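User: Hi, could you help me read this one? I am new to structures, so please go slowly.

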Amino acid sequence: CSSDLGLDYSYPSDGPVHVASPDLHPLYHYKTYVGGILLLTKVHYELCNGMSNRFWGWGREDDEFYRRIKAAGLQLLRPSGITTGYETFRHLHDPAWRKRDQKRIAAQKQEQFKVDREGGLNSVQYKAVSRTDVS
């Protein structure tokens, strides 16, 4: 269990904290990876203008979000001193079980390498079709 490894899930006041960093993730080891577990405040998210609206399904959106974090001038923090390396987390995406996660629209692969300067919190449009009280 990752909670036993000394990983810090506390409030990320000094900047976004990428808990599942490339040094710990079992599959993704590139320095611009910010998927998996990323802790950030509402203020951090707003400074980045949220996430791009150009992505659908699973994957790629976090690569574009890394560029938003950098463009916002935020320092990305990552854990250090964790000795479990790539065994720290398990990666549980099963394409056979979650077929919708593998859907792609337009040029998502190319879009991950650019910063979407138009889409995000300031331009998202949605309609709530139902609400459920969970309290």
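Analyst: A residue is called buried when its relative accessible area is under 20%, exposed when over 50%, and partly exposed in between, using a 1.4 Å probe and protein chains only. This is a predicted model, in which local features need pLDDT of at least 70, side-chain atom pairs count only at pLDDT 80 or more, and totals for chains, interfaces and linings use all residues. Residues are numbered from 1 along each chain as its sequence is written, and side-chain values use heavy atoms, with hydrogens and water left out.

User: ok, how many of the residues count as buried?
Analyst: Of the 135 residues in the protein chain, 33% count as buried.

User: and which elements does the chain have, in what order?
Analyst: Going from the N terminus, the order is β-β-α-α-α, which gives two strands and three helices; these are DSSP runs numbered from the N terminus, with helices (H or I) of at least four residues and strands (E) of at least two.

User: which residues are buried in helix H2?
Analyst: In H2, which covers residues 61-71, the buried ones are Asp 62, Asp 63, Glu 64, Phe 65, Tyr 66, Arg 68 and Ile 69. After H2 comes Gly 73, with a positive phi near 75°.

User: new topic: which residues form the largest nonpolar core?
Analyst: A nonpolar core is a set of buried Ala, Val, Leu, Ile, Met, Phe, Trp, Tyr and Cys residues joined through side-chain atoms within 4.5 Å. The largest has eight residues, namely Leu 7, Val 17, Val 19, Ala 20, Leu 24, Leu 39, Ile 82 and Phe 89. Another core, of seven residues, lies apart from it and includes Phe 65, Tyr 66, Ile 69 and Leu 74.
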